[in-house]
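The following note collects points for a colleague who is examining the coordinates. Please read the numbered paragraphs alongside the sequence and the model.

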Amino acid sequence: MPTALFAWFFIVFASVFILMGWTFAVFVILAGKNLGRQKRYTFCLVMGCVECLFFPFGTVLGVFTILVLNRENVKAMFGEKPRLNSES
């Protein structure tokens with residue numbers, strides 16, 4: 001009985017891990033499409049941050065995504081309102 005339970009643990013663990021990977025891949029594809037359409041700025045920025053966890057290609061892609069999305073002219077293209085500086 002413990003052997004069957006042990007096997008089922010690995011089956012469930014692997015299945016959940018694969019499902020999470022597929023879900024992340026779908027989110028990356030959606031973020032890419034939204035970047036092309038210049039929609040859903042916050043979603044694209046969050047996905048850029050999450051991609052930084054996946055070394056080395058995700059890190060490079062995520063960092064450059066964050067750098068580009070933080071430019072004021074890119075924010076304007078997405079329709080984001082400019083932030084007011086709190087300088088006196």
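1. A disulfide is taken here as a pair of cysteine sulfur atoms within 2.5 Å. By that criterion, a search of the whole structure finds zero disulfides. The model is a predicted one, in which local features need pLDDT of at least 70, side-chain atom pairs count only at pLDDT 80 or more, and totals for chains, interfaces and linings use all residues. Residues are numbered from 1 along each chain as its sequence is written, and side-chain values use heavy atoms, with hydrogens and water left out.

2. Accessibility is classed as buried (under 20% relative accessible area), exposed (over 50%) or partly exposed (in between), with a 1.4 Å probe and protein chains only. Cys44 is buried, at a relative accessible area of 1%, whereas Cys52 is partly exposed, at 25%.

3. Helices are DSSP runs (H or I, at least four residues), and strands are runs of E with at least two; both are numbered from the N terminus. The expected span of a helix is 1.5 Å times one less than its number of residues. Helix α1 has 36 residues and should span 52 Å at 1.5 Å a residue; its end C-alpha atoms are 52 Å apart, in agreement. Helix α3, residues 57–69, has 13 residues and reaches 18 Å from its first C-alpha to its last, close to the 18 Å expected.

4. Which residues of α3 are buried? They are Gly58, Gly62, Thr65, Ile66 and Leu69. These residues lie on the same side of α3, because they cover an arc of only 95° around the axis, the arc being that of the directions from the helix axis to the C-beta atoms. The face of α3 turned away from the buried side carries the exposed residues Phe57, Phe64 and Leu67. Cover for the buried residues of α3 includes α1 (2–37), α2 (41–51) and α4 (72–78).

5. Thr65, in helix α3, counts as buried at 14% relative accessibility. Its side chain reaches the backbone oxygen of Leu61 at 2.6 Å. A polar contact is a pair of N or O atoms within 3.5 Å; within protein, one must be able to donate a hydrogen and the other to accept it, and residues adjacent in sequence count only if both atoms are side-chain atoms. Contact in general means heavy atoms within 4.5 Å. Leaving aside neighbours within four places in sequence, Thr65 is in contact with Cys44 and Gly48.

6. Tyr41 lies in helix α2 and counts as buried at 8% relative accessibility. The side chain of Tyr41 reaches the backbone oxygen of Leu69 at 2.6 Å. Beyond neighbours within four places in sequence, Tyr41 is in contact with Leu69, Asn70, Lys75, Phe78 and Glu80. Tyr41 and Ile11 are 30 residues apart in sequence and 37 Å apart in space, C-alpha to C-alpha.

7. A salt bridge is a side-chain nitrogen of Lys or Arg within 4 Å of a carboxyl oxygen of Asp or Glu. How many does a search of the whole structure find? It finds one salt bridge, in which the side chains of Lys75 and Glu72 meet at 3.8 Å, N to O. Lys75 counts as buried, at 14% relative accessibility.

8. The peptide bond from Phe55 to Pro56 is cis, with omega near 0°, and Pro56 is found in the loop between α2 and α3. Just after α1, Gln38 takes a positive phi of about 60°, although Gln38 is not a glycine. Gln38 is in the loop between α1 and α2 and is partly exposed, at a relative accessible area of 32%. Arg40 lies in the loop between α1 and α2, with phi near 55°, a positive value in a residue other than glycine.

9. Phe17 is found in helix α1 and is exposed, with a relative accessible area of 57%. Phe17 and Leu67 are 50 residues apart in sequence and 30 Å apart in space, C-alpha to C-alpha.
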